[in-house]
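Subject: Structure handover

Hello,

Here is the structure I promised to pass on. Please open it first, then read my notes below.

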Amino acid sequence: MVEFDADGKLVSSVYGDVYHSPSGAMGQAEYVFLRGNGLPERWRGRASFTVCETGFGLGLNFLALWKAWRDDPQRPAALHVVAMERHPFSRDDVGALLARHAPEPLSGLAPALAAQWPALLPGLHRLEFENGAVTLTLGFGDAQVLAPRLGARVDAFFLDGFAPERNPQMWAPPLLRALAGLAAPGATVATWACTGELRRNLDDAGFEVRRAPGYGGKWHMTVGQVREAGRAAAPAAVSSERHAVIVGAGLAGAGIAQALAGRGWRVTVLDAGRMLGAPAHAGHVAAALTPVLARDDNARARLSRAGSERAWARWQGLPAGAAPRVCGTVQVERDAGRSAALAGTLAALAFPEDWVRQVSREEASALAGLPVARGGVFFSQGMLVQPGLLIEALLAASGAAVLPGRAERVSPAGQGWRVLDASGVELARADTVILANAAGARDVLAASGLLDPLARVAQMHALAGEVTLVPASALDGGPRCIVGGEGYLLPDVGAGCVVGSTYVHGAAEAKVGAEGQRVTLDKAAGLLGGHFPAYDALVAGSLPGWAGWRAVLPGRLPAVGELPHAPGLWLATGYASRGLSWSALMGDLIAARLMGEPLPLETDLAQLVSPR
């Protein structure tokens, strides 16, 4: 909630304190946080530099830091900022407040921050500026909860927030110890606060601190340096070669290719499908990308939310047809008796209504433009994606060399790995090889003698499925938004409306057929509340469609990361039926680890998807 005091200063009623120094936010940012951390001098000659801020507020410290980076001809190639905020403003409020409060030197940068401001959802949000050279990993939530879950190697800490006597948790020992665990060698700390208790807490956490002359009428501030690097800040082995071989050209491989290419890597993609003239998802004309809701906000829900955000951020600039279309998703309840439980879930989560809200049958029907069977929830950011076009656009944008070839095994080669075909012929080699070939990754690991330590990956299985393309005219033009539930019905993409899908265990092949089409047509019919004679007259087995495989792991979460027993060999598989949700996010997770960047995911989530 936005509030001002009698003098027009922005204040927090929760803490009874002002957001910025009465002497000016720009002066405080430059004097306390930049100069207090020895910036910009300390970042010169560095490839990258990472800052962590507690208490992001309006982001004026971030904007001042960004401006200093812009103005310094000796700046590092990459500037990363990790920040936390328990009481974030809405996007509309951020835009208006920055227009009012951002000092003139920062007014040119402020609109870019406001434009990327995320929905008020818990967790980490990755924002990128300067073509990715400046990143902001913004955590919404309690800093004491978020800080131990950050994956970052921090060079400078900006300790900000409301006064210690008004918000003591922001300055408490558990938080300071968690921050010290992220400290890189020689990491510095600075804050305008300067109480004896704070200095003692910082000292106990592992920082050597001292008083320094304060800013804006304050006698003193606190500056210091970490005594030793934190255990959570393991150095990244950034490859000087910066060449990756990706095995697999589906959604997983294409997402990784885009993420690495955007960071200056050369990418080679091996695609078995192209050997047969059948690239991944060719003919798959449409699919839905919708987040998951769970009352306990479990890992799958948190990952799907983060994945949806990254997909939009990464893909919105792609050519028409390949870029997602935000049309919204009506998720229809399984039965009419669950309305009260659904209301309880939404109340418990307290997510913003402009992101997800409960809708009655009447409102759901109005949103869809077709009568639906029941009410449910509406996700305003539900996206319609054309997978075949998306994959080709991502590979083209990455500049990857896409080669036909089926990988059968890998073998060590110096500091890296060779990828071999069934005859033992080398297809490609690099210091970094990433197996992103769905269930085929398990077979490659088994043939290479590398599967035994990976009990979960060894249980991966391939699950066949198909979707059906129906004429939009059979549904009076089709829905305006995605309609999901037990199955789904998608808006017309020009070729018709896709309905899906089947899940076939133990199938010998993934194929389009009459039996599967009966299932998909019935599922879509179960979502509708009206009578469509032309739809009812469709004959299963006579319609076009697409069939493919899902690689499914126990728990239906992917396996993504470097193999502990095979350094340089990475895995990105088990995306199941959420390839669109995981593609961009997992690509960025791998790229961040390879580059030593702050992770775009909390460490507990990254650990859950690590190969094991």
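Which strands does α14 lie across, and at about what angle does α14 run to β31? Helix α14 lies across β24 and β31, and its angle to β31 is about 150°. Angles here run from 0 to 180 degrees between N-to-C directions, with axes as lines fitted to C-alpha atoms, for helices over the stretch in contact. Helices (H or I, at least four residues) and strands (E, at least two) are DSSP runs, numbered from the N terminus.

Two notes on the basis. This is a predicted model, so local features need pLDDT of at least 70 and side-chain atom pairs count only at pLDDT 80 or more, while totals for chains, interfaces and linings use all residues. Residues are numbered from 1 along each chain as its sequence is written, and side-chain values use heavy atoms, with hydrogens and water left out.

Helix α14 covers residues 440-447. A441, V444 and L445 are buried there. Buried means under 20% relative accessible area, exposed over 50%, and partly exposed in between (1.4 Å probe, protein chains only). The three sit on the same side of α14, because they cover an arc of only 100° around the axis. That arc is taken from the directions from the helix axis to the C-beta atoms. An α-helix has 3.6 residues a turn, so residues three or four places apart point the same way.

What do the buried residues of α14 pack against? Their partners are β21 (409-413), β24 (432-435), α15 (455-458) and β31 (569-573). Contact means heavy atoms within 4.5 Å. After α14 comes G449, with a positive phi near 70°.

The sheet under discussion is open and has 6 strands, in the order β20-β13-β12-β24-β31-β30, with mixed pairing. Two strands pair if DSSP finds at least two bridges between them. The edges are β20 (401-404) and β30 (559-562), each pairing on one side only. Neighbouring strands are turned by 20° against each other on average, direction ignored. Within the sheet, β12 (residues 243-247) and β13 (residues 266-271) pair in the parallel sense over 5 bridges. I246 stands opposite V269 in β13. Helix α18 (residues 579-595) also packs on this sheet. α18 touches β24, β30 and β31, and its direction makes about 165° with that of β31.

**The 8-stranded sheet**

Another open sheet has 8 strands, in the order β6-β7-β5-β4-β8-β9-β11-β10. Its pairing is mixed. Edge strands β6 (123-129) and β10 (207-213) each pair on one side only. The twist averages 15° from one strand to the next.

Strands β8 (residues 154-159) and β9 (residues 183-191) run parallel, joined by 4 bridges. A156 stands opposite T188 in β9. Helix α1 (residues 25-34) packs on the sheet, touching β8, β9, β10 and β11 (220-226). The direction of α1 makes about 140° with that of β9. Helix α2 (residues 60-71) packs there too, touching β4, β5 (78-85), β6, β7 (134-140) and β8. The direction of α2 makes about 175° with that of β5.

T50 belongs to strand β4 (residues 48-54). Is T50 buried or exposed? At 3% relative accessibility, T50 counts as buried. Leaving aside neighbours within four places in sequence, T50 is in contact with H80, R153, V154, D155, A156 and P598.

**Cores**

A nonpolar core is a set of buried Ala, Val, Leu, Ile, Met, Phe, Trp, Tyr and Cys residues joined through side-chain atoms within 4.5 Å. The largest has 80 residues. F62, L63, L98, L113, L136 and F157 touch the most other members. Helix α2 gives the most to this core, with 8 residues. A second, separate core of 54 residues includes I256, A322, L557 and L585.

**Cysteines and a loop**

How many disulfides does the structure hold? The count is 0, a disulfide being a pair of cysteine sulfur atoms within 2.5 Å. The sulfur of C481 is 6.4 Å from the closest cysteine sulfur, in C327, too far for a bond. C327 is buried at 16% relative accessible area, and C481 is buried at 1%.

E104 lies in the loop between α3 (91-101) and α4 (110-116). E104 is exposed, with a relative accessible area of 65%. E104 and M26 are 78 residues apart in sequence and 9.3 Å apart in space, C-alpha to C-alpha.

Best wishes
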